[in-house]
Amino acid sequence: MPDELKVQPHSEKAEQAVLGSIIRDGHPIMEKVAGWIRTTDAFYSTLHREIWDALVELYRSHKPIDIITVIEKHKDMTKGEKGESYYISGLYDEIPTTANVEHYARMIWEKYIQRNIAKSAYNVYKMSYDEYEKVNIQLDKHTQLISELQLLAPTKKREITDIVEETIQAIEEGTNVIKFGLKQLDEPAGGMTRKEITVLGGRPGHGKTTLMINAVRSLIENGYRVCLFNREMSNVEMMKKIIVMESESLKYGDLRQNELNGTKEKVMDISNRVKEKYKDLMMYDDIRTLSESIREVNKLKPDVVFDDYIQLISVDSNKNEGRRFEIETVMQEYKWACKRNNCSAFLLSQLNRAIEMRADPLPRMSDYSESGVIEQTAESALFVWYGYNFDDSAYDKHESEIIAAKSRYGQVGRYAMGFNGDRCKFYETVEEAYKG
């Protein structure tokens, strides 16, 4: 390790003050500092770590904490190999007051995080020539340490009067709710709430990606900045959908098969309009991991982020804890990203195959893959249901349905929409879909 990293951040006086305060006043002081010092390694001195372990053992076993019990417990835990009784007594004698003990505990934890950042930075340096994925995992750990150190900065506590004023402003200006601009999506709760997540589920072929891109179009038209992660489709295929959606007569099947049939000039004209209209849309099809996705959201700070779809997100973890853990991590990280950036997230989710085995094929909450964490975290849980795919004799080809299964700030219900898949469009009515 470079010489400049060998002298690690620490405060011996702060460590002595905390240990001496606990020895002086016992359990009440221990309860104050335990919230800050969450690991023995927070202490730089080996002896201080041993004394802390003795204090923790006494505290957990509900035994008195004083000079005698601490000295005896320390002897027991070190097998009597160290005669540190005078040092422990000195910690008691040098503490005139315990009033500032929380400040000292905070200082110890801050120095501990600084030491870990120094070690982590050196590891990043050593690994900088390794494969990107390995470096990226270490870099994420390093970023987490930096974030924790930043949280130790002066409190972000806000006065209640400021929060009330912000709330009144949001009510008057209507800035806290982002309307989709699509009647059936806005009907349950009036739109999306900033700092919240909406989840849309559907089986393959039911139009969830097409519904998503229709929502993107409406938001762009209303002046919002939008970020879109394409995981299933490429940016090029998604742009084909947008071009068709923006046209009056183009069909997605034709563009996908490169069958322009004399419409090349029209396609070029629409493409030029799309360049200008969608300048506030940021699309990605080459971001695989959750951490990379969240970093882009933090950098771009969009009003709304769309992700198609969450089961395809790779979660950075050295543990094999199963898909449920991964989906929980995705939902929680997006939740905090929304709070941090004052945005909304619209996440697409695949449904499990159980829906295809039932007599009643309408989707329900249990059909979400890992439905428990989705139901708990999401503001709204929606489904798009295209009955024609299930039974073409019983359902209209141009009718789709939005099902609001959960709406934290609104009501659940079912809402019919017009749908024309080849035109990449959803409509308010079935009649409009036929005309489209």
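## Report on a predicted structure

In helix α4 (residues 67–77), the buried residues include V70, I71, K73 and H74. These residues cover an arc of only 165° around the axis, which puts them on the same side of α4; the arc is taken from the directions that run from the helix axis to the C-beta atoms. On the other side of α4, I68 and D76 are exposed. Buried stands for under 20% relative accessible area, exposed for over 50%, and partly exposed for values in between, with a 1.4 Å probe and protein chains only. An α-helix has 3.6 residues a turn, so residues three or four places apart point the same way. Helices (H or I, at least four residues) and strands (E, at least two) are DSSP runs, numbered from the N terminus.

The model is predicted: local features need pLDDT of at least 70, side-chain atom pairs count only at pLDDT 80 or more, and totals for chains, interfaces and linings use all residues. Residues are numbered from 1 along each chain as its sequence is written, and side-chain values use heavy atoms, with hydrogens and water left out.

**Aromatic contacts**

A search of the whole structure finds eleven aromatic pairs. Rings of Phe, Tyr and Trp (its six-membered ring) pair if their centres lie within 6.5 Å; planes under 30 degrees apart are stacked, those over 60 edge-to-face and the rest tilted. Two of the pairs are described below.

| Pair | Centre to centre | Angle between planes | Class |
|---|---|---|---|
| Y368 and F383 | 4.7 Å | 25° | stacked |
| W385 and Y395 | 6.1 Å | 85° | edge-to-face |

Y368 lies in the loop between β7 (344–350) and α16 (371–377) and F383 in strand β8, so this pair ties together parts that are 15 residues apart in sequence. Y368 is buried at a relative accessible area of 1%, and F383 is buried at 0%.

W385 is buried, with 5% relative accessibility, whereas Y395 is partly exposed at 34%. Elsewhere, Y386, Y388, F419 and F426 form one aromatic cluster.

Lysines also meet aromatic rings. A charge sits over a ring if NZ of Lys or CZ of Arg is within 6 Å of the ring centre and within 35 degrees of the ring normal. K208 lies over the face of Y309, 5.9 Å from the ring centre, and K241 lies over the face of Y252 at 4.7 Å.

**Backbone features**

Y309 belongs to the loop between β6 (304–308) and α15 (323–341), and the peptide bond from D308 to Y309 is cis, with omega near 0°. K195, in the loop between β2 (192–193) and β3 (197–202), has a positive phi near 75° although the residue is not glycine. K195 is partly exposed, at 34% relative accessibility. C424, in the loop between β10 (413–420) and β11 (425–427), likewise has a positive phi, near 55°, but C424 is buried at 0% relative accessibility.
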